Amino acid sequence: MKQFKSLTLILFSFFFICSFSAELFSQENKFIGVKVCSACHKGEKGKMIYDKWLKTKHAEAYKTLENEKSKEIAKKKGLKKPPTESEECLKCHATGYFEKDQRLASNKKEDGITCEACHGPGSSYKTGHGKDKKDEGIKKGLVLGKGDEKICKICHNPESPTFAGFNYKKDWEKV
Ligand code: HEC
Ligand code: HEC
Ligand code: HEC
Ligand code: HEC
């Protein structure tokens with residue numbers, strides 16, 4: 001009986017830890033960069049998804065850190081490094097900066113908020129997802145996040161120095 005109890009406890013903790021860390025993204029997969037995704041998701045054949053993303057503010061997020069407004073914010077905050085090199089800014093203006101050891105060299109900060117910022121690090125699901133492989137993709141860490149504003153709120157929250165509110169429905173239409 002006692003053994004049974006501790007086994008239950010172990011199992012319970014295991015599932016608790018798993019569900020906690022798996023809440024948004026896989027903790028083991030690596031961020032591989034937008035070039036890998038664009039290889040298949042560009043142009044008519046790729047439903048213009050990459051092409052559309054390029055025109056969103058997300059693709060400009062890193063560039064924003066080079067402007068005067070960013071330098072001002074950084075100065076006020078007393079950052080020692082320029083915004084383009086400060087983790088304090090990169091974590092929301094580039095991809096994979098919440099998880100230091102999950103970035104591959106092909107993941108460029110200059111590309112800003114890429115596909116993987118919302119769909120999760122892609123090293124594992126880059127092959128084996130979509131259409132008839134839906135379940136495989138999800139198992140490998142692809143996050144679909146249909147109507148899920150939790151993903152947006154990783155960055156769209158009051159920790160942002162310029163935060164002025166977030167409305168999922170309205171904002172989703174813009175991206
Ligand atoms: C080898 C080609 C290939 C690569 C590389 C690739 N994809 Fe896909 N992806 C596809 C195909 C094919 C589909 C299914 C057709 C579609 O929805 O356009 C798909 C579907 C998807 C879907 C929708 C899945 C669903 O179940 O509805 C998402 C999200 C996605 N891809 C994201 C990504 C991201 C993010 C990357 C980069 C990390 C990536 N893909 C890289 C080929 C690829
Ligand atoms: C990893 C961080 C991150 C995630 C996740 C994220 N965003 Fe953003 N988003 C940003 C940053 C940074 C900007 C500002 C880019 C700039 O102007 O340089 C931005 C800008 C935007 C803008 C343009 C805002 C404006 O005032 O013009 C919209 C709309 C938007 N995001 C919607 C969304 C939605 C919807 C989601 C979730 C599906 C989402 N974002 C997820 C970081 C993120
Ligand atoms: C918690 C995530 C987060 C952090 C940290 C963050 N940003 Fe942002 N930033 C955003 C988002 C999201 C936007 C889009 C507009 C908004 O909601 O604030 C944005 C927009 C901006 C803009 C454009 C605002 C405009 O409307 O012109 C500038 C400039 C900016 N950020 C600079 C910085 C600098 C500099 C840092 C580091 C000191 C920083 N951000 C840290 C998330 C963040
Ligand atoms: C700001 C967050 C965000 C970014 C950045 C983003 N996506 Fe998505 N994507 C989503 C969400 C959320 C959905 C589910 C949309 C819905 O409600 O149908 C989605 C849906 C998709 C789908 C399936 C639906 C369709 O239109 O075929 C594909 C494929 C896809 N994304 C690929 C990509 C690729 C490739 C990139 C990078 C070029 C990318 N996404 C960038 C959040 C994002």
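Mentor: Donors to a metal are N, O and S atoms within 2.8 Å of it (3.2 Å for Na, K and Ca), and because water is not among the atoms, sites may look incomplete. Keep in mind as we go on that this is a predicted model.

Trainee: Which donor does the protein give to the iron atom of ligand 4?

Mentor: The iron atom of ligand 4 has a single protein donor, NE2 of His119, at 2.1 Å, and His119 belongs to helix H7. The side chain of His119 also places an N or O atom 2.8 Å from a nitrogen atom of ligand 4.

Trainee: Which residues come nearest to ligand 4, and which helices supply at least two residues of its shell?

Mentor: Among the 15 residues around ligand 4, the nearest are Cys115, Cys118, His119, Gly145 and Lys146, and for Lys146 a polar side-chain atom is found 3.0 Å from an oxygen atom of the ligand. Helix H3 (49-54) and helix H7 (115-119) each contribute at least two residues to the shell, which by class holds seven nonpolar, six polar and two charged residues.

Trainee: What does the shell around ligand 2 have by class, and which side chains make polar contacts there?

Mentor: The shell around ligand 2 has ten nonpolar, four polar and four charged residues, and helix H10 provides its largest share, three residues. Thr64 has a polar side-chain atom 2.3 Å from an oxygen atom of ligand 2, while the side chain of His58 has an N or O atom 2.7 Å from a nitrogen atom of ligand 2, and a polar side-chain atom of His156 lies 2.8 Å from a nitrogen atom of ligand 2.

Note on methods: Residues are numbered from 1 along each chain as its sequence is written. Chains are lettered from A and ligands numbered from 1 in the order in which they are written. This is a predicted model: local features need pLDDT of at least 70, side-chain atom pairs count only at pLDDT 80 or more; totals for chains, interfaces and linings use all residues. Side-chain values use heavy atoms; hydrogens and water are left out. A residue is near a molecule or strand if one of its heavy atoms lies within 4 Å of it. A polar contact is a pair of N or O atoms within 3.5 Å; within protein, one must be able to donate a hydrogen and the other to accept it, and residues adjacent in sequence count only if both atoms are side-chain atoms. Helices (H or I, at least four residues) and strands (E, at least two) are DSSP runs, numbered from the N terminus. Ala, Val, Leu, Ile, Met, Phe, Trp, Tyr, Cys and Pro count as nonpolar, Asp, Glu, Lys and Arg as charged, and the others, Gly among them, as polar.
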